[in-house]
Amino acid sequence: MPDCSPAERAVRAMAATIDEHHIELTTLDRAVGDGDHGENMRRGFDAVVAKLDAGTPDTPGAVLKLVATTLISTVGGASGPLYGTAFLRAATAVGDIAELDTAAVLTALTAARDGVVQRGKAEPGDKTMVDALTPAVDAAAGEHADVAALLAAAAMAAEEGAAATEPLVARKGRASYLGERSAGHRDPGAQSTALLLRALAQAAGALSGAA
């Protein structure tokens with residue numbers, strides 16, 4: 001896809017990652033939720049790719065908005081509204097700028113995290129995607145040479161945050177119904193968040209290496 005914009009490449013990378021890991025995500029969700037997180041996310045990103053195939057928006061913000069509206073309309077359960085809010089807040093935060101630098105990416109990640117917190121009323125330690133997003137934002141706020149380095153740091157922190165949800169007792173969402181039995185299982189939303197951030201980091205790294 002030589003004519004893809006960086007934003008489109010990043011979104012397609014996220015879609016490919018979800019497709020690759022959807023069974024893993026569904027397996028995690030079977031332990032603490034409805035057992036459909038992976039399939040719901042794959043359906044949503046498949047729809048995103050179909051819309052990109054029909055025509056890519058002109059700016060990174062417009063691409064993010066396309067992702068947001070598509071996920072909201074196609075992803076079931078809590079994931080659609082939460083991820084939709086994250087991408088929509090990120091789109092609003094970056095506005096109509098033509099290219100995302102480190103400051104813009106940090107602004108977008110922060111806005112996405114804040115949107116999820118507001119929508120889901122969750123905080124770190126509740127065993128949700130916030131446990132991956134918050135350390136990712138904190139890591140992104142450090143000094144970074146470029147967008148690829150920023151996203152790599154964010155992805156690593158998100159992966160550590162997702163792993164750290166395993167011993168937690170869920171305080172939000174369907175998993176909270178299990179009480180103490182939710183401990184010992186990784187939160188699927190935190191894991192999908194970590195996977196998406198890793199895909200973004202790899203896409204940015206590939207672009208940086210090609211430059």
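I count Ala, Val, Leu, Ile, Met, Phe, Trp, Tyr, Cys and Pro as nonpolar, Asp, Glu, Lys and Arg as charged, and the others, Gly among them, as polar.

The model is predicted, so I note that local features need pLDDT of at least 70, side-chain atom pairs count only at pLDDT 80 or more, and totals for chains, interfaces and linings use all residues. Residues are numbered from 1 along each chain as its sequence is written, and side-chain values use heavy atoms, with hydrogens and water left out.

**Pockets**

I looked up the largest pocket and found about 820 Å³ of space in it. A pocket here is an open set of points on a 1 Å grid over the protein atoms alone, where a 1.4 Å probe fits, with protein on both sides within 12 Å along at least five of seven lines; lining residues have an atom within 4 Å of a point. Its volume is the space filled by probe spheres set on the points, which are joined across faces, edges and corners. The lining holds 30 nonpolar, four polar and four charged residues, and α8 gives the most, eight residues. Helices are DSSP runs of H or I with at least four residues, numbered from the N terminus.

Next came the second largest pocket, at about 630 Å³. I find A78, S79, L82, G173 and R174 closest to its centre, out of 29 lining residues. They divide into eleven nonpolar, ten polar and eight charged.

**Loop between α5 and α6**

I checked K121, in this loop: phi is near 55°. K127, also in the loop, has phi of about 70°.

How values were computed: Helices (H or I, at least four residues) and strands (E, at least two) are DSSP runs, numbered from the N terminus.
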